[in-house]
Amino acid sequence: MSNLDRQAALTVCGGRGFVVAEPVRELLSPRRVQLGESTEVRRLLPNLGRRMVGAWAFVDHYGPDDIADEAGMQVPPHPHMGLQTVSWLHDGEVLHRDSLGSLQTVRPRELALMTSGRAISHSEESPRRHARFLHGAQLWVALPDAHRHVQPHFQHHAELPVVTAPGLTATVILGALDGAVSPGTAYSPIIGADLALARGTETRLPLEPDFEYAVLSMSGEAEVDGVPVLPGSMLYLGCGRSELPLRAESDAGLMLLGGEPFEEELVMWWNFIGRSQQEIEEAREAWMSGSRFGEVQGYDGAPLPAPELPPVPLKPRGRTR
Ligand code: MN
């Protein structure tokens, strides 16, 4: 999915100054963002008080939406730079096309991982014949400087490793959890896991004390470290934990997001992550002039134009919020 915000703001993020070194319980409320005509998403990252969790730099939660009589998701071709996109569905399907020629239908609990490296473009749409409900999350992972110019590539993994405990099925999306390792390519120490909890479950999840964590709720009634987290909300947990208590009042679907705190400072704008405003301006120019980002074949519609850059040049704001 794309950041379709027409008033895209420049965001400075990354750096140790944003990271909370000890365990905390900081509930993040979503910002409602309209994507196209029919889809509204809940944006959890970047958030007013929190821009990243490990290398996770962007989190949208959408649905469940009844799209039985609608076109559903229609995100025209748009570019990415300096990041990986992770598409994660609980219901429905998304058809992915990209400038490498990939054409892939993505289904619930399958990993679609697109590494933009220096430049890629893609589109995402509900197939013409689709399931009634669409429910998922769209996430971005910032690439560290050493890897942000890698060749763009797209990976689809229908089979992912699973960790189980009574009442818990944890699917490892990216990184490793309790010894189970995702086949998706990661460029920094990271974890993304889907947590399916059965009603009445009380369990503890093993964590890495050096990692920073957050939990997104997608469905059901669950408590994370004693805090009720409603669907569409995210609880930031800080660092310094070796385990996480979870409790489910009903069947619940959560996402665990975490990783080593991201040391590098980033400039994020629209669908790009760079290190300076100049890089962002050059990427915007390249997209608008039809160079660098390739072409998406087969999407029925025009590519997405980039919004205007804010008129005031970005002043690096260092490590403060
Ligand atoms: Mn996208």
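A residue is called buried when its relative accessible area is under 20%, exposed when it is over 50%, and partly exposed in between. The model discussed here is predicted.

Q: Why is Gly54 called buried?
A: Gly54 has a relative accessible area of 1%. The cut-off for buried is under 20%, so Gly54 is buried.

Q: Which residues are in contact with Gly54, leaving aside its neighbours within four places in sequence?
A: They are Glu212, Gly259, Glu260, Pro261 and Phe262. Contact here means heavy atoms within 4.5 Å.

Q: Why is Arg109 called partly exposed?
A: The relative accessible area of Arg109 is 32%.

Q: What makes the phi of Arg109 a point to note?
A: Phi is near 60°, a positive value, and Arg109 is a residue other than glycine. Arg109 sits in the loop between strand S9 (103-106) and strand S10 (111-115).

Q: Is Asp178 buried or exposed, and why?
A: Asp178 has a relative accessible area of 57%. Exposed means over 50%, so Asp178 is exposed. Asp178 also has a positive phi, near 50°, in a residue other than glycine. Its place is the loop between strand S15 (168-177) and strand S16 (180-181).

Q: What is the omega of the peptide bond from Leu45 to Pro46?
A: Omega is near -10°, and the bond is cis. Pro46 lies in the loop between S4 and S5.

Q: Which residues are joined by a cis peptide bond with omega about 0°?
A: Gly63 and Pro64 are joined by that bond. Pro64 is placed in strand S5.

Q: What makes a set of residues a nonpolar core?
A: The residues must be buried, belong to a list of types that includes Val, Leu, Met, Trp and Tyr, and be joined through side-chain atoms within 4.5 Å. The largest such core has 40 residues, and Trp56, Val86 and Leu139 are among those with the most contacts inside it. Strand S12 (residues 133-142) gives the most to this core, with five residues. Another core, of 27 residues, lies apart from it and includes Ile191 and Leu207.

Q: Which residues does Trp56 touch, not counting those up to four places away in sequence?
A: Among them are Leu45, Val86, Leu139, Leu174 and Leu257.

Conventions: Residues numbered from 1 in each chain as written. Predicted model: local features only at pLDDT ≥ 70, side-chain atom pairs only at ≥ 80, totals over all residues. Heavy atoms only, no water. Buried < 20%, exposed > 50% of the residue type's maximum accessible area, 1.4 Å probe, protein only. Helix = DSSP H or I, 4+ residues; strand = E, 2+ residues; numbered from the N terminus.
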